[in-house]
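Thank you all for coming.

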Amino acid sequence: METFWIKPKLYFGPEPLEALSALAGKRVLIVTDAFLASSGLLDRVKARLTGEVSVFDRVEPDPSLRLVAEGVRAVRTFRPEAVVAFGGGSPMDCAKAMCWCGEEHPPLWCIPTTAGTGSEVTSFAVLTDTDRGVKLPLVDDGLLPEAAILDPGLLDGVPPHVTADTGMDVLTHAAEAAVAKGASPFSDALAER
C-alpha cells in the first residue's frame with residue numbers, strides 16, 4: 001500500500017505574512033539566528049503578532065544537540081502556544097527538534113528566508129553531535145510544520161552566491177525526489193514543478 005498526503009498548509013501570493021493573523025493573541029516563540037534577529041526582517045514578522053512574543057536567536061549553522069537542548073528549555077520556560085521558525089534550514093531544523101523533543105509539542109510555523117533546503121515542508125531535521133563530529137538526521141512525521149509562509153520578498157537582498165548555492169540545493173532535491181525509492185506519480189509531479 002502507498003500513501004500520499006500533504007502537510008503543511010502553504011501560504012503564498014500577495015501579503016502571505018497576513019496568515020500570521022491565525023496566531024493573534026497567542027504566545028509565540030520565534031526561533032532564528034542573531035543576524036536575522038537584528039536585520040530588520042524579523043520586525044515584519046513581529047509586527048503581525050499581537051500576543052506575547054519571545055525570540056530565541058541563538059541558532060547557528062548546523063544546529064548542535066546542545067543548542068536544541070537550550071531551545072527545549074526556552075520552550076519549557078516560555079510555554080508558547082506556537083513556534084515560528086524564521087530563517088534558512090538551520091533555524092527550521094532547530095525549531096523542529098525543539099518542538100519534537102520537549103514535553104509540549106506546540107504547532108510549528110516556518111517562514112523561510114532562503115530557498116533550497118525545503119525544511120519548511122519536510123519531516124526531516126539535521127542536527128550535529130559536536131562531541132562525536134557527526135550529523136544526525138531526524139525523520140518523523142511529527143517534525144512536519146503546521147504551516148509554511150512563503151514570502152519571496154524575504155529573499156530580496158540575498159547575496160548572489162547564496163542564491164546560486166540554494167538554487168543548486170533546489171535542483172538536487174528535485175532530482176533526489178524523482179529517483180527516490182518511495183517516489184510516486186504524486187511526488188514526481190511535485191519534483192518536476
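With which residue does D62 form a salt bridge? The partner of D62 is K135, and their closest N and O atoms are 3.1 Å apart, a salt bridge being a side-chain nitrogen of Lys or Arg within 4 Å of a carboxyl oxygen of Asp or Glu. Before I go further, please keep in mind that this is a predicted model, in which local features need pLDDT of at least 70 and side-chain atom pairs count only at pLDDT 80 or more, while totals for chains, interfaces and linings use all residues. Residues are numbered from 1 along each chain as its sequence is written, and side-chain values use heavy atoms, with hydrogens and water left out.

Back to that pair: D62 sits in the loop between β3 and α3, whereas K135 belongs to strand β7 (residues 134–139), so the bridge ties together parts that are 73 residues apart in sequence. Helices (H or I, at least four residues) and strands (E, at least two) are DSSP runs, numbered from the N terminus. D62 is partly exposed, at a relative accessible area of 40%, where buried means under 20%, exposed over 50%, and partly exposed in between, using a 1.4 Å probe and protein chains only.

By this rule there are eight salt bridges, and a further one joins D131 to R66, with the closest N and O atoms 2.8 Å apart. Here D131 comes from the loop between β6 (124–129) and β7, and R66 from helix α3, 65 residues apart. D131 is exposed, at 61%.

Let me turn to the sheet. It is open, has six strands in the order β1-β8-β5-β4-β2-β3, and its pairing is parallel; two strands pair if DSSP finds at least two bridges between them. The edges are β1 (9–11) and β3 (53–56), each with a single partner strand, so one side of each has no neighbour in the sheet. Within the sheet, five bridges join β4 (residues 82–87) to β5 (residues 108–112), and F86 has I111 as its bridge partner in β5.

Finally, consider A148, which lies in strand β8 (residues 147–149) and is buried, with a relative accessible area of 0%. Apart from its neighbours within four places in sequence, A148 is in contact with several residues, among them K9, Y11 and C110, contact meaning heavy atoms within 4.5 Å. A148 and K9 are 139 residues apart in sequence, yet 6.3 Å apart in space, C-alpha to C-alpha.
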